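Dear colleague,

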Amino acid sequence: MTRLELIRALPKAELHVHIEGTFEPELMFEIAQRNQIAIPYKSVEEVKQAYNFHNLQSFLDIYYAGANVLIVEQDFYDLAWAYFEKCHADHVTHTEMFFDPQTHTDRGVAFATVINGLQRACDDANSKLGISSHLIMCFLRHLTEQAAFETLEQALPFKDQIIAVGLDSSEVGHPPSKFAGVFAKAREYGFLAVAHAGEEGPAEYVWQALDLLQVNRIDHGVRSEEDPELMQRLIVEKMPLTVCPLSNLKLCVVDDMAQHNIRRLLQQGVHVTVNSDDPSYFGGYMNDNFIAIAEALDLSNDELKQLAKNSFDAAFISATEKQKWAAKIDALV
Ligand code: ADE
Ligand code: ZN
């Protein structure tokens, strides 16, 4: 099998995707029109031209503005369903999607509206496309810990539909330590935990996510390489990093894909996975991310298979499921 054929054939799990970041401009226009909400662009082309970022914040400003057109349950369903169709095309068979409740509840959209729309799409993806999924609720770290506590309380009636809590938005200046209390409470309630750390922020934030938030996975974490002691810990604990190559390129975390450290991390024994983050904004879904690193870093077929196996191994699924997918990946030649 050629490298490209293998990438397409590999079953993959996606562990780092913001559902609001899958919002394609075409659907954004359609929903804006439906809800009679004005958006500051005349055409899809004009929207795409605005997707020129120089750091995380320059992206977040546009990403939050886009989410403003989502109002009713069907909007959240349509958003998630469009993403599941991309998963189907890329042979992503399991996905764990982030959503940002505060982006919606702060505009007066009910928590139930958001989660009911997403959950209905998850159910349909399972029955119609055979794709399994989980939802991860992220706290916005530029807001207060008190606001995160309030969001956690709002989530409790839907606890069975949310596998974990996460932490996203503007990283620098908003360390994981700010959210130690709310993560402790969430874990007490039985949620698993993940957090963005070491994307733009320093390796110190990764230590904090591990020690203070007690996360099960680190989202991004690419700056961990700057701290040899941290690298040792990640390797020994087999702590997954959900790496997002095209995101890192678009947000100038790396200057050039050939300089991306995912292959070095893999070779050193870090449990790295490949993910799309905000695919509509960063130029590609799962397979585009695989292709970009495979070409820029000249990855072997064995390395690609290892990355796909890691994705299921790091997923919040049973050991039996993990073994099932590993066997399918091993069988590909
Ligand atoms: N929200 C959506 N995408 C994000 C990213 N890459 N980092 C932090 N917050 C985000
Ligand atoms: Zn992210």
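The crossing of α15 and α16 is right-handed (left-handed means that the near helix is turned anticlockwise from the far one by less than a right angle, right-handed that it is turned clockwise). Helices α15 (residues 286–297) and α16 (residues 301–313) pack at about 145°, their axes lying 11 Å apart. Axes here are lines fitted to C-alpha atoms, for helices over the stretch in contact, and angles run from 0 to 180 degrees between N-to-C directions. F290, I293 and A294 of α15 make the contact with L304, L307 and A308 of α16 (contact means heavy atoms within 4.5 Å). By class, these residues comprise six nonpolar, no polar and no charged (Ala, Val, Leu, Ile, Met, Phe, Trp, Tyr, Cys and Pro count as nonpolar, Asp, Glu, Lys and Arg as charged, and the others, Gly among them, as polar).

As to conventions, this is a predicted model, in which local features need pLDDT of at least 70 and side-chain atom pairs count only at pLDDT 80 or more, while totals for chains, interfaces and linings use all residues. Residues are numbered from 1 along each chain as its sequence is written, chains are lettered from A and ligands numbered from 1 in the order in which they are written, and side-chain values use heavy atoms, leaving out hydrogens and water. Helices (H or I, at least four residues) and strands (E, at least two) are DSSP runs, numbered from the N terminus.

α10 passes α11 in a left-handed crossing. On α10, A203, V206, W207, L210 and D211 meet E229, L230, R233 and L234 of α11. This contact contains six nonpolar, no polar and three charged residues.

H16 in strand β1 (residues 12–18) and H196 in strand β5 (residues 192–197) link distant parts of the chain, 180 residues apart. H16 is buried, at 0% relative accessible area (buried means under 20%, exposed over 50%, partly exposed in between, with a 1.4 Å probe and protein chains only). H196 is likewise buried, at 5%.

Yours sincerely
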